[in-house]
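Here is a friendly note to read alongside the model. Please keep the structure open while you go through the points.

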Amino acid sequence: MARPKHRLGNLPAEATSFVGRRRELAEIRKKLATARLVSLVGPGGVGKTRLALRIAADLGRGFADGAWLVELAEVRDGALVTNAVLAALDLRDQAAIKPLQILLSDLQNRQLLLLLDNCEHLLGDVAPLVAEVLRAAPRLTLITTTREPLQVPGEHVIPIPPLQVPPGDGTQPLAQLQQNEAVMLFSERAGAASGTFELNGSNQAVVVALCRRLDGLPLALELAAVRTRALSVEQILDRLTDRFALLTGGGRAALPRHQTLRTTIDWSYDLLTRAEQILFRRLCVFAGRFTLQDVESVCTSSEVPATGTLDVLSALVDKSLVTKEDFRGVACYRLHETLREYARLKLGDAGEEELLEERCLEHYRATCLRSADQARYRLLEWLAWAELEIDNIRAVLQRCLARGDSAGGLDIAASMKYYWITHGTTEGVRWLDPLLASGEASPPTLVRAFYLRGWLSLLQGDPAAARPWIARAVATARETGQPAQLSESLSLAATVENVSGEHEAGRRYLDEAEAITPALNDFPATIELVQSRAIQAIVEGDLETLKAASLVGVRISREAGDLYQLEAMLRNLGVVGLMSGDFHSANSQFSEALQVARTVDNRLAQFYGLGAAGWYAAKTGQPRAAAKLLGAAEVLGTHTGADIMGPLVPMLAQAKESASGTLGSSKFEAEFKAGNRLSRVAALRLALGESDQAEVAASDGAESASLGKRELEVARLVAEGLSNKQIAARLFISDRTVATHVGNILNKLGFNSRAQVASWMASLK
């Protein structure tokens, strides 16, 4: 399924704003004209990421499928590199096909530019993956940023030095000096920080001396520039000169550049208040993005109480030591990788590493346990939280494995059920298996973990692997007196047996579940039983039971607000219409199921829904639409690692045969390929009757059609850099309404940040 051609993949807005680097940009452009793998190599703080983002933004439009960014700085486990690439490319691991197969299948026919940022700590895993995707995808071009080369055949290494600094004699004319890379960066950042700084004849000599003192290192220049809010350039230079003199014995000897950067960060750190120092060093405990609530829970102290955390955190943002960004309308923060490394050193010096790691583990453990039973009732909100926090959760799980804390790890991993089933079945298995090897956890967590492990195997199309896990869930729930969990496990065991073809065993499990469930008055147990009844009815061809069970399931899941199960129950009703020959009823149910699947962004369910829509189009004399939808379904199946199962197999075969017979094989193939090229958003709109064939052909998948008039207005203002409060004032609406619109825009366009909205709006001009 094609990504929209007018989009620059997932590049952030800062990719379009950059100072200097003319020489490096020219060299990279030249290399990329003939090479498929270019590695930008240099130490931390020289600006490799920003340079790579700029070149990707510049060149991305020359690739049919755009430029895409994979951020690896926050990936600590090499086994998850492929998962990180999948996520960045908006692919999902939800079914039987392994992540690497999904990735290679998607990339093999695509022409895109892929940027892998911050590879140095994962070289042993990144290098073989890069080699494999280059072999499998002949139209793929790769840029990596790293502190040392990947050592992959065909790699072209471009060393990235610091910015060009001006001559030290101070004789350059002002106009010429303004074109110097280091001076340009310092002047821009100082102007942005103070609002008043301007390079002129009276301060140019001091600026030249400062840029030379800092060796043209972009991060060092930015940290110094932000201090122009409180200090003059002369004061900044004096203080830094004093600091460097201590290291060189008062002489003029030059320091290695890594020492220059460390000294500059030291200087900036020493200028912080004690509260700011404490909070800054403690923030390194987070592996990825973090929220104010996370900081208040993990990083507070007597010097930084929870009530004052926002003020201290805001001060660190103002000093460029912490970066603030939006993720799906939620304010969050992160540390630059070099600053995180520095903060970790300071945390070690303070002897706080163990304390903070323990606090971090307990924070995420408690948060996950609190949400474990409620996630299904607020799935949209919960999934947004999980996507924001997943790097921190992975880091905590890795710590649990490293220290043998299977109880804590299982509390977290088992509570992330809906993330694993909608974003990464393979990753869920990757965490659960080693944690379950010890079997140490509370009985409720063990049952939850065994149950989830079996469910993941079932989603992966391996009921034989699911069977022993579900048996352990049943046994543990029975032995420890957990009747609701026993009911759920028995119902899932029945489903596993029926999918395996063991219908008598399935009936036995189902009978036992039916005997204990009604008295429990427990929604999860009841809805699992209803679903198991429906599966049993499908395999037995019992339409009456299937319809009755599914109607109950739709009613109670709608009442409870369980969108995941509501979609499944509506799809069951669609199967009733399919099997009974009531095509219009089937389409009505399949369509509503698809709407729910779009709302919660369940790609596997969207795949089934597109297939069902293609079938209905073929049955109702719309062969072109049928071919397109079937083509779109095929690609979405590839993107989720899925395949059609059960009653939909003959249904889709009939739909293809019907549409091909009406159109002729060549026309059917052309329309089918056109469906392959549709964006997922456009395909869903076509399936749901929100656009016709002409619209789809004209837009070629442009997502702007999916935004309402007011949403487009808000998107334009987001692209102008306005905050929610500013947008509310401009449009005379409330802040809350703006936040809702921004959330809808991000969800519809499949974006994670306001920066991506800005890049997308710019591409429409």
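The points below go from the whole chain to a sheet, a pair of helices and a few single residues.

1. First, some ground rules. This is a predicted model, in which local features need pLDDT of at least 70 and side-chain atom pairs count only at pLDDT 80 or more, while totals for chains, interfaces and linings use all residues. Residues are numbered from 1 along each chain as its sequence is written, and side-chain values use heavy atoms, with hydrogens and water left out.

2. The whole chain. The protein chain holds 38 helices and 7 strands (DSSP runs numbered from the N terminus, with H or I over at least four residues for helices and E over at least two for strands). Its C-alpha trace spans about 90 × 60 × 60 Å along the principal axes.

3. Burial and contacts. Of the 765 residues in the protein chain, 59% are buried (under 20% relative accessible area, with exposed meaning over 50% and partly exposed in between, for a 1.4 Å probe and protein chains only). Among contacts between residues at least 6 apart in sequence, 73% join residues at least 24 apart; a contact means heavy atoms within 4.5 Å.

4. The sheet. Five strands form an open sheet in the order β2-β3-β4-β1-β5, with parallel pairing (strands pair if DSSP finds at least two bridges between them). At the edges stand β2 (67-71) and β5 (156-159), each with a single partner strand, so one side of each has no neighbour in the sheet. On average, neighbouring strands are turned by 20 degrees against each other, direction ignored (axes are lines fitted to C-alpha atoms, for helices over the stretch in contact, and angles between N-to-C directions run from 0 to 180 degrees).

5. Strand β3 and its partners. Strand β3 (residues 113-117) is joined to β4 (residues 141-146) by 4 bridges, with Leu-113 partnering Thr-141 and Leu-116 partnering Thr-144. On pairing with β2, there are 5 bridges, and Trp-68 has Leu-114 as its partner in β3.

6. Is β3 enclosed or open? It is largely enclosed by the rest of the structure, because 5 of its 5 residues are buried. In a regular strand the side chains alternate between the two faces of the sheet. Here Leu-113, Leu-115 and Asp-117 point one way, and Leu-114 and Leu-116 the other.

7. Helix α1 (residues 22-32) touches β1 (37-41), β4 and β5, and its direction makes about 180 degrees with that of β5. Helix α3 (residues 81-88) touches β2 and β3, making about 140 degrees with the direction of β2.

8. A helix pair. The axes of α7 (residues 181-194) and α9 (residues 218-225) come within 8 Å and cross at roughly 35 degrees. Residues that meet include Leu-185 and Phe-186 in α7 and Pro-218 and Leu-221 in α9. The contact has 9 nonpolar, no polar and 2 charged residues (Ala, Val, Leu, Ile, Met, Phe, Trp, Tyr, Cys and Pro count as nonpolar, Asp, Glu, Lys and Arg as charged, and the others, Gly among them, as polar).

9. Later in the chain. Ala-515 lies in helix α24 (residues 503-516) and counts as exposed because its relative accessibility is 64%. In helix α35 (residues 709-719), the buried residues include Glu-711 and Leu-712. Just after α35, Gly-721 takes a positive phi of about 90 degrees.
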